[in-house]
Amino acid sequence: MTSVPDSIDPRAREMIPKCKILVIGAGGIGCEVLKNLALSGFKDIEIIDLDTIDVSNLNRQFLFRKEHVGKPKAIVARESILAHSPDIQIKAYHDSILSSDYGLNFFRKFNLVLNALDNRTARNHVNRLCLAADLPLIESGTAGYSGQVEFIKKGITQCYECQPKATEKTFPGCTIRNTPSEPVHCIVWSKHLFNQLFGEEDPDQDVSPDMEDPEAKVEGQISETDTGNVKRLSTREWIKEIDYDPEKLFNKFFFDDINYLLKMANLWKTRTAPKPLLYKDAEKMTKQEKVQDNVTIREMQLLPIAEYVQMFRDSVATLKQQLDNKNHLVWDKDDNIAVDFVAACTNIRAQIFSIEPKSRFDIKSIAGNIIPAIATANAITAGLVVLFAFRLLVEQYEKCNFVYLRPKSIHSRNILAADTTLPKANPNCYVCSPEPFVNVFVTVEKMTVLEFESEVLKKHLNMIAPDVVLDGKGVVVISSEEGETEVNNSKSLSELGIVDGSILKCDDFVQNYSLTVAINQYNPLEKDDPIFKVVANPEDLKAKEEEVKNSKEDTTSVPEKDPVKVGISQIDINSEDPQEGPSCKKRKIEYAEAEDSDDDLTEVPVTIPMSP
Ligand SMILES: Nc1ncnc2c1ncn2[C@@H]1O[C@H](COP(=O)(O)OP(=O)(O)OP(=O)(O)O)[C@@H](O)[C@H]1O
Ligand SMILES: [Zn+2]
């Protein structure tokens, strides 16, 4: 039997056995949270997780054992908790919280919701449902040694979507294709090459020299038609024609294309010029000059180029076989051959551009954006989640300021820091403001209804199953019911009467969420301009454009840092790619923000309310 520990606030102790609590996610944090809840005397718990147990979970998700591998996490977590605390009511769902079975009525049953998720899509969705059901939500996440716990409640705090989240770091196409200067540029290029040769062809992932690079353009130097051997055939047609001959492939990408780049002389005036490499010469490069003290594991060693050539040859042969019975392959960091291919290409390209090489291990980590999960970070974070739960039961909201865990001591030797106040909701938030509203800037003649649905409403505005009506005209543009509006998919917005100034009423019944969208005509001017923009307040857009203009004019000015904003809000521990979601085995983080983070955290005032 588990009883409520004496150290907990007497009023909370009374509430704990009566509280009905929902835990979403039974992974690293979820297992810890469930154990803490059970040991603290919670008696009525429901747990939902869509995944099954992987062998890699066992080192830290201690509710699971070897014999559970392959079984649903939620079901096994329930059994493990019951084995220890048989008096608890615990219900498990092996399912996705995104399913329409878990709508507003499901959420309304609970007193408190605890997120232990690993992706933004699910977090956004739970955020919306908790706002709609007026339920307190405790949001948590870890990335390596860092962690974060946030309390979210309508009318009291900001919501999960009040602040825009950092997007994944991307690199300009011409850096990747023409002028790489860091190992990560070679890694991105190699992943693009994988997709060009074996994956789904994507014109945005071209690996050949970029003739449009403005820096390379010098009148008369390269004529539009002088494209060397670069674009005469599509890469996919050509690779089939040469039957994936590794030597021909190698010479095209590492010799011919590099020679072509050398013709863009402008690029090499201030940079070290690349050195084209032929297969037969690379095979002879059997020495690795860099000293590598005490590195005994091959995966962590830097190998001679000749070994990367062999890795390239072998991986191309295997990938060719894998492709035989498939339309295309999908690059996966857990697929050894796919990683071999990227590791080999990365280091060969790095050699050509005089960039420091990386071990296969490092390349795999960077290519998969892997940050190892740390059991202690999960345990500390889950401990805080349950402390927050005690406080929320007795509505001690003021004691639930966001808390951050950082790997290095932040202030006075602490590794935990708390905000001094609860962050207020952003009045322009398109999710939690009383009348959510956004402006979408788009070329109405070009964007199709399907693009509007998938890119703007789903990817950008995080809707799951939107219904869209053109206000004033009653035209149903998108229906969440199958078969009702598919005929509109290929039509442009303007064909349906959506023009500059149109108002669209967008509803998502699954999320119980409504949003008004104002359409603004916009024509991208530059090649790199986005095809659409979303802003709550067009004034913000103007301000940003001004900033960009000014920063272009004055390259020496350093933007002033807002300590709290930079130090805390911008560290996004919740940055798993929503597309990869739960199947991805490790977490993603935006490297740039994470690297900056520790220094800025010294600015944060620390009050650590550790007792409930
Ligand atoms: N939409 C969803 N519905 C229910 N559970 C989800 C959903 N999305 C993610 N999850 C679950 O959230 C949990 C997050 O836990 P965690 O970050 O530890 O992931 P993991 O896959 O177990 O570990 P790692 O990613 O470190 O290998 C996972 O068990 C995942 O299945
Ligand atoms: Zn909000």
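Is the crossing in which H2 passes H14 left-handed or right-handed? Point 3 takes this up.

1. This is a predicted model, in which local features need pLDDT of at least 70, side-chain atom pairs count only at pLDDT 80 or more, and totals for chains, interfaces and linings use all residues. Residues are numbered from 1 along each chain as its sequence is written, while chains are lettered from A and ligands numbered from 1 in the order in which they are written.

2. The protein is divided into domain 1 (10-166 + 372-418), domain 2 (173-367) and domain 3 (437-535); such bounds come from an automatic or database domain assignment. The centres of domain 1 and domain 2, taken over C-alpha atoms, are 43 Å apart.

3. H2 passes H14 in a right-handed crossing (the near helix is turned clockwise from the far one by less than a right angle). Helices are DSSP runs of H or I with at least four residues, numbered from the N terminus. The axes of H2 (residues 28-40) and H14 (residues 375-393) come within 8 Å and cross at roughly 45°. Axes are lines fitted to C-alpha atoms over the stretch in contact, with angles from 0 to 180 degrees between N-to-C directions.

4. Glu-182 lies in the loop between helix H6 (173-177) and helix H7 (183-197). Glu-182 is partly exposed because 14 other C-beta atoms lie within 10 Å (20 or more would be buried, 12 or fewer exposed; C-beta atoms are placed from the backbone). Its C-alpha atom is 33 Å from that of Glu-161, 21 residues apart along the chain.

Note on methods. Helices (H or I, at least four residues) and strands (E, at least two) are DSSP runs, numbered from the N terminus.
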